[in-house]
Amino acid sequence: MANIEARSEVNGSVWKLLVEPGAAVEAGDTLMLIESMKMEIPVIVEDGGRVVAILVKEGDAVAEGQVVAELEG
Amino acid sequence: MSWEPEANEIAARRRFSEALGGEESVARHHGAGRLTVRERIAALTDAGSFREVGRLTGAATYVDGVLRSVVPAPYVMGLAQIDGRPVAIGGEDFTVRGGTSWGSDRRKGGQGGFVEDLAHEYRIPLVNLIDGSGGSVSSARRRGHTVFPGIHGFEQSAALLGEVPVVCAVTGTAAGGPAGRAILSHWSVMVKDTSQVFAAGPPVVQRSLGQTIAKEDLGGSAVAVDAAGTIDNVAASEADCFQMIRRFLSYMPQNVWELPPSAPCEDPVDRCADELLSIVPRDRRKPYDMRRLMRLVADQGSLFEIQPSFGKAVITAFGRMNGKVVGFIANNPMIYGGAMDVKAARKQTHFVELCDTFHIPIVFLVDVPGFMVGLQAEQAATLREGMRAVYVSLQATVPMLTVVIRKCYGMAGMATCDKNGLDFKIAWPSAEWGSLPIEGGVAAAYRREIAAAPDPKAREQEIEAELRALASPFRTAEAFAVEEIIDPRETRPYLCAFLDAAQGRLAIDRGPKARYGVRP
């Protein structure tokens, strides 16, 4: 069970969480939306798996490269 | 009497050079997961095409006047073909003294040397396979004196950048001169995990700064490619690296006096992908997949991205349209809404110059809200680097086509226009433009009016709605301030027609491009 870290590609704030821990996700699914530069930037799953933890809550500030969720493949 | 004894001696001497640094040294090199320079050249070039130059060069040992052995010079080079086209190719032989530079009457290559002269004189591309750490302080002992930096200088290396395509592949650990040589290229690539590049390696860093750092952490691809953009692309393996070099050269002319090679196009020019009609969400806050958009427009399978992991707010890629080579520059709304930051600006500047130098027309796929804003962006000199991108696009003379997909704002928007050329701006119906986005501009421009209103918030929204109605691209097209609005599905056939028509102009402009003035 490889642990996969999902990262935000941008500085911004968490706009909407779209999945909960335990959810099964597929490559290309969106975990959450980050508001940055007046846009809703998705955090997209690169490889399918199960969401282990969501590390941020709505409204939190996130930095570019920050791990925002953990998945297992 | 024939010359057979000498012919036999040639064969015997060639065996010394084929043995490289000896079995033990070659085994150690293989053990580190790396190919030898001879294996690299064989893997990269067309089978049987390598014609070596300087095979007998090396340090010979004679006993009583009889040759016993030759330690070959730590550089292998010559003429070869890639996809049937000649190239000058060379690389350090790491198995001989770590590929360090070595005294000879004339250098074979690395910095200057025969291989660079060959590329210059014959006007053929140069491929450098870099695997060495440059000078060594031990040379002072041999010479009896120290030498000025640049004794083997970069004069020819620099001149080549205006003449022929130069590709540098970092295939081992490169420091000093060889690391610098990698940067003096039109395109560079390194191999993940088995190559590193830095101005100076861990021992020097330890001595200078007291920092202890492993060489992969200091100059692996995560630093050199992803974070710094020092090297353009990363390859998963040496085999992948050679495939990428062949791919890069397939878009390049042999020199600046020729045009890039056209290829037969299987993909119908009039292919109008329906998906283009809905790829841009109507909700302006929602981004979309610009790479997918590019694939729907360009000849199928023709895109090759330069610097995919650096300056990700802009996408730069070579591709083909109806078989003709095109440079695509597309903003990526997934990264800061496509705002141009310092890295994206640097990436765009380099790509525009690269296309201009080799007569490759540029297609801008524009969705840029402006320069990146904020304290970090200002500290990083986004304004200066962004204006450099504007300056370079004004200097370029290659034809450019501007397709506004969504946003085109401010000075970053200016950098996407061929203002000194046809200034041909083509818009999708989703396009919007201006000096700055309405949301940001209303509060500043109508401050007094808003403050004086009974309900300031409502007044601000009213003014925004009023201005937005005027922002329809159709109104701009009525005034011929944007030259055409197209159905997104027509993008491919429309662009192909103009790019085909520009080929004659490209042919007229062949030759070196003089660039005057001082870049900001």
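A pocket, as the word is used here, is an open set of grid points with protein on both sides within 12 Å along at least five of seven lines, and its lining residues are those having an atom within 4 Å of a point. In this predicted model, the largest pocket is lined by 48 residues, and those nearest its centre are S8(A), E9(A), E64(A), K312(B) and I335(B). Its volume comes to about 1500 Å³.

By class, the lining of the largest pocket is made up of 25 nonpolar, 13 charged and 10 polar residues. Chain A contributes to this lining through β1 (3-7) and β5 (39-44), and chain B through α10 (221-227), α12 (290-297), α13 (342-357) and α14 (375-379), each of these elements supplying at least two residues.

The domain assignment of chain B places residues 35-54 + 73-250 in domain 1, residues 274-431 + 482-506 in domain 2 and residues 436-471 in domain 3. Domain 1 and domain 2 of chain B each give at least three residues to the lining of the largest pocket.

S36(A) counts as buried because its relative accessible area is 4%, where the cut-off for buried is under 20%. Leaving aside residues up to four places away in sequence, S36(A) touches V10(A), N11(A), G12(A) and I41(A), together with Y336(B) from chain B.

Conventions
Residues numbered from 1 in each chain as written. Chains lettered and ligands numbered in written order. Predicted model: local features only at pLDDT ≥ 70, side-chain atom pairs only at ≥ 80, totals over all residues. Heavy atoms only, no water. Buried < 20%, exposed > 50% of the residue type's maximum accessible area, 1.4 Å probe, protein only. Contact = heavy atoms within 4.5 Å. Domains from an automatic or database assignment. 1 Å grid on protein atoms, 1.4 Å probe; cavity = no way out; pocket = protein on both sides within 12 Å on 5 of 7 lines; lining within 4 Å. Points joined across faces, edges and corners; volume = space filled by probe spheres on them. Helix = DSSP H or I, 4+ residues; strand = E, 2+ residues; numbered from the N terminus. Nonpolar A, V, L, I, M, F, W, Y, C, P; charged D, E, K, R; others polar.
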